[in-house]
Amino acid sequence: MSSMRGERMLGRAALPAASVPKTRRSRLRDVYRDRYLYVFLLPALAYFIVFKYVTLFGETIAFKNYRLLDGIWGSEWVGLKHFRTLFNSEDFWHVLGNTLLLNVYHLAFAFPAPIVLALLLNEVRAEWFKRAVQNLLYLPFFISWVVLGGMIVSLLSPSTGVVNALLGLFGVEPIYFMTSSVWWPVVFIVSTIWQSAGWGTIIYMAAMAAIDPGLYEAAKMDGAGRLRQVWHITLPGIRGTIAVLLVLQMGKMMDVGFEHVYNLQNAAVFSVSDVISTYVYRIGLQNAQYSLATAVGLFQGVIGLILVLIVNKTVKKLGEGGLW
Amino acid sequence: MVNRLGRTSLYVFLAVCGFMTVFPILNILAVSFSSSRAIISGEVSLWPVEFNAQAYVQLIRDGQLLAALKNTVIITAAGTALHMLATTPAAYTLSKKRLRGRAFFTFVVLFSMLFGTGLIPLFLLMKQLQLLDSYWAIWLPGLVSAYNLFVMKSFFEGMPAELEESATIDGATDLSIFFRLTLPLSKPILAAISLFYAVALWNTYSNALYFITDSRLLPVTVKLYQMLQMPIDSLLSGAEGASYIQPEGLKAAAIILTVAPILLVYPFLQKHFVKGVLLGSVKG
């Protein structure tokens, strides 16, 4: 027993020395030495292989006529047939348009929200006040969209909702927020901000905390007011963080969170709220058009990946870190 | 530039933001305890009007939502354990620089982050494995979050190497180092990551919607969705129906019952979540 232990330690100590020839035997000995570590890795590795890579292989049914009986292997190849069907269908362009539009709204309104909030919170000197506000702002992030959606519908109800009751005090006729195709996107974006802007401040506040306080001191000496300090020190200090989050957000341009849309959606606003994720669910799982739905998903994934690569490159050219 | 006025308006603005964030929750709570008459006439805002707990009594008597809540408790408890059992040891292994194949295994995980899993291939896989209509269909698609795995791995990497070296010299094996040394020293990260998983499981929705059709197995989120969508007279299964209670109140009570556990442990959750996010963002 003790000699075995001695050997193990020797093996470990000898590892960094580059002069030791890496024979197959020594490699096997390393693997044997670390056998428990490999066992530790096994469940996670199996998960990634089966649920990430095998399912990636499953994407091939976008180029096949998938039939349950034939399975993924056995189904017949049809090339780009499903993509042709898609590009010729009005529904697809409609859904794609909605997805992009909601994401453009997101970039314009929801993306800057946590930055603005973080800048404001950063100016607060009273710690207790800052912490209290943060505690309130983070809360919706922990709640599921079913619950948030239920609250929104109740709040905005034309008959019993408090918002319309309030508007009524000013003589405004009840507004049908959830069923109006003009108001629905507004509700969607405001609810995004409600759910995630507070939580999003954490990462910006951490970046702000890392800024050298000496910079502010120097700026104060030079007579710069708070606003000028924010503009010349705080904002440049978090530019890298903004760039990284922007790249990540661009990768989601083709994607609108399923749970968020699905829980706010209703038949009256289908024309503005039907997005790729709800479309895939409908034609794929509800209508069992497996191959067509997979083609939509694949198209979405590939465009998303290309977008990330392009934006990452652009951000790097502008002198920021980017993702890799 | 920023004078007293500026400072005051900053504080007021932030206080208003904070209040507006929690107002919908307070409002739904007030509605759930108000009388039908008050709800219909739109009088309820912050406080219950004509206080009563009828809606809760009916929901509890009906039992459907409670049964779904019980399902969610099982899904969350067992699921968190499963996720942690798969994530923690793997993160430990990948943190060992001496491990042969480490770069390859890390790449396998990292590369998977570049693309999402398609819904249909995932569905067909689940069907093939005969896991539809079981909780495995909720747990397995997200068994290991690559993000959580890397956060934990970098935490393990940050632990002082001398500790482990001296333990090795004292004759400790990999297994005893992991269980006796690494795990006890990793409580903050274990707490943060378990809570990431637990909250996600409590709120689990789409996987259940996609993969579970047996209504006895549904988690509370999907059950709640069905109740929110249902026409007024079929909200409750029992014969007593919803005739004498305004369904808005019933829906509000169902919402509150679903979210109450999260709200009750929120201060605790929040503290660990923030810590976890900061641990994760250090190494990016």
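Helices (H or I, at least four residues) and strands (E, at least two) are taken here as DSSP runs, numbered from the N terminus. The model is predicted: local features need pLDDT of at least 70 and side-chain atom pairs count only at pLDDT 80 or more, whereas totals for chains, interfaces and linings use all residues. Residues are numbered from 1 along each chain as its sequence is written, chains are lettered from A and ligands numbered from 1 in the order in which they are written, and side-chain values use heavy atoms, with hydrogens and water left out.

**Annotated segments of chain B**

An unreviewed UniProt entry lists "transmembrane region" for chain B at several places, including residues 12-33 and 104-124. UniProt positions are given in the numbering used here, feature names are shortened, and annotations may be inferred rather than shown by experiment.

**Interface of chain B and chain A**

Contact (heavy atoms within 4.5 Å) involves 91 residues of chain B and 82 residues of chain A. The two chains bury about 8,000 Å² between them, 75% of it on carbon and sulfur atoms; buried area is the accessible area (1.4 Å probe) that two parts lose on being put together, summed over both.

Two salt bridges are counted between chain B and chain A, a salt bridge being a side-chain nitrogen of Lys or Arg within 4 Å of a carboxyl oxygen of Asp or Glu. One of them joins the side chains of Asp30(A) and Arg100(B), at 2.8 Å from N to O. On the side of chain B that touches chain A, helix α1 (residues 4-32) of chain B supplies the largest share, 17 residues.

Gln270(B) belongs to helix α15 (residues 266-283) of chain B. Its relative accessible area is 10%, so Gln270(B) is buried (under 20%; exposed is over 50%, partly exposed in between; 1.4 Å probe, protein chains only). Residues up to four places away in sequence not being counted, Gln270(B) touches Asn135(A), Tyr138(A) and Phe142(A).

In chain A, Gly161(A) occupies the loop between α9 (145-156) and α10 (162-169). Gly161(A) is also buried, because its relative accessible area is 2%. Apart from neighbours within four places in sequence, Gly161(A) contacts Ser154(A) and Leu155(A). Between the C-alpha atoms of Gly161(A) and Glu90(A), which are 71 residues apart along the chain, the separation is 36 Å.
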